[in-house]
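Reader: I am new to this structure. Please pick one part, look closely at it, and tell me which residues meet there.

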Amino acid sequence: MTNEFARHRRLRQSANMRALVRETVLSVNDFIYPLFIAEGEGVRNEVSSMPGVFQLSIDNLKEEFDEIVSLGIKAVILFGLPVEKDDVGTGAYHNHGIVQEATRYIKEQYPDLLVIADTCLCEYTDHGHCGVVEDGNVLNDPSLELLAKTAVSQAEAGADIIAPSNMMDGFVTAIRQGLDAAGYTEIPIMSYAVKYSSAFYGPFREAADSTPQFGDRKTYQMDPANRREAMREAEADMEQGADFLIVKPALSYLDIIRDVRNEFDAPVVAYNVSGEYSMVKAAALNGWVDEKAIVLEKLTSMKRAGADLIMTYHAKDAARWLSE
Ligand SMILES: [Zn+2]
């Protein structure tokens, strides 16, 4: 009897059989939940382009964090919304900056929850760029000093992981040296190693109020057309001491996630960004797609591509669905 064709359906016959041979499994341990923390009191603003995502002041965090912890989510990443901005982003590294204050509150109330601090200047600069600006140019090296200062102040406030997102050259070295010099040798760096200049960030800029006031970020963020360049960026960050590598965005960049996974042994983090979230939410609200099925499929695809962790605004929903 010859075997004329393969019977792939043998392994798909039942739910239990499919579970037995499933290659990729999504877990609540994979998720990092991003939050927008606003200075002031009584703030609870839903981001209009991101239904279900809120800007919250510290006095409104309890309910949110009780929920996050009860769902089993292990880590959050914080973005700050300061009341005042200036040309050097003072709010980013101020001892009483919004991320520093929120970190202190969270670590006091929920000591086991891992707090990741986004380390950048763009939410705190009046021009909205990720560094120091002179004559319309974003200066690389002077920006590094401020980024290192920001990281140290976040570590002082209790942040467990520093996540620099600015894409200046040498930012990992600068931050590593800054942290080490201040005694924070054990604080890991989760580097936005591969960050594309992407239209998928649109809703985030509304949420974080960080739209550049002139020009764009194409001189420091990567061209979406480039794949090999991602390897150069990731390699440089590994050499500089990054402990995690982030690829951002995720959905249109699954090939890059796979490349980074194949090339490096560090944990790979996919950032499922705001625009990817908003598209699904909009379609789901219109009844055009099955939100639960789409979200779980999308997150699974990021893991299948090679991500160990996923930063996602869907984290709470996905955690709930996975526990059903
Ligand atoms: Zn930035």
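## Buried residues and their contacts

Author: Setting aside neighbours within four places in sequence, His129 is in contact (heavy atoms within 4.5 Å) with Leu121, Cys122, Val138, Pro212, Phe214, Asp216, Arg217 and Tyr220. This is a predicted model, in which local features need pLDDT of at least 70, side-chain atom pairs count only at pLDDT 80 or more, and totals for chains, interfaces and linings use all residues. Residues are numbered from 1 along each chain as its sequence is written, and side-chain values use heavy atoms, with hydrogens and water left out.

His129 sits in the loop between β5 (114–119) and β6 (132–134). Here strands (E, at least two residues) and helices (H or I, at least four) are DSSP runs, numbered from the N terminus. With a relative accessible area of 1%, His129 is buried. Buried means under 20%, exposed over 50%, and partly exposed in between, with a 1.4 Å probe and protein chains only.

Now the annotated pair. The unreviewed UniProt entry places its "binding site" annotation on Ser274 and Tyr313. They span 40 residues in sequence, yet no two of their C-alpha atoms are more than 7.4 Å apart, so they gather at one spot. UniProt positions follow the numbering used here, feature names are shortened, and annotations may be inferred rather than shown by experiment.

Take Ser274. Its place is in helix α10 (residues 274–285). At 1% relative accessibility, Ser274 is buried. Residues up to four places away aside, Ser274 touches Met50, Phe200, Tyr201, Gly202, Pro203, Phe204 and Tyr313. A polar atom of the Ser274 side chain lies 3.3 Å from the backbone oxygen of Phe200.

Turn to Tyr313. This residue lies in the loop between β12 (309–312) and α12 (315–322). Tyr313 is buried too, at 3% relative accessible area. Beyond residues up to four places away, its contacts include Tyr33, Pro34, Phe36, Met50, Val53, Phe204 and Ser274. The side chains of Tyr313 and Tyr271 are joined by a polar contact of 2.8 Å. Such a contact is a pair of N or O atoms within 3.5 Å; within protein, one must be able to donate a hydrogen and the other to accept it, and residues adjacent in sequence count only if both atoms are side-chain atoms.

Last, helix α12 itself. Glu291, Lys292, Val295, Leu296 and Leu299 in α11 meet Asp317, Ala318, Trp321 and Leu322 in α12.
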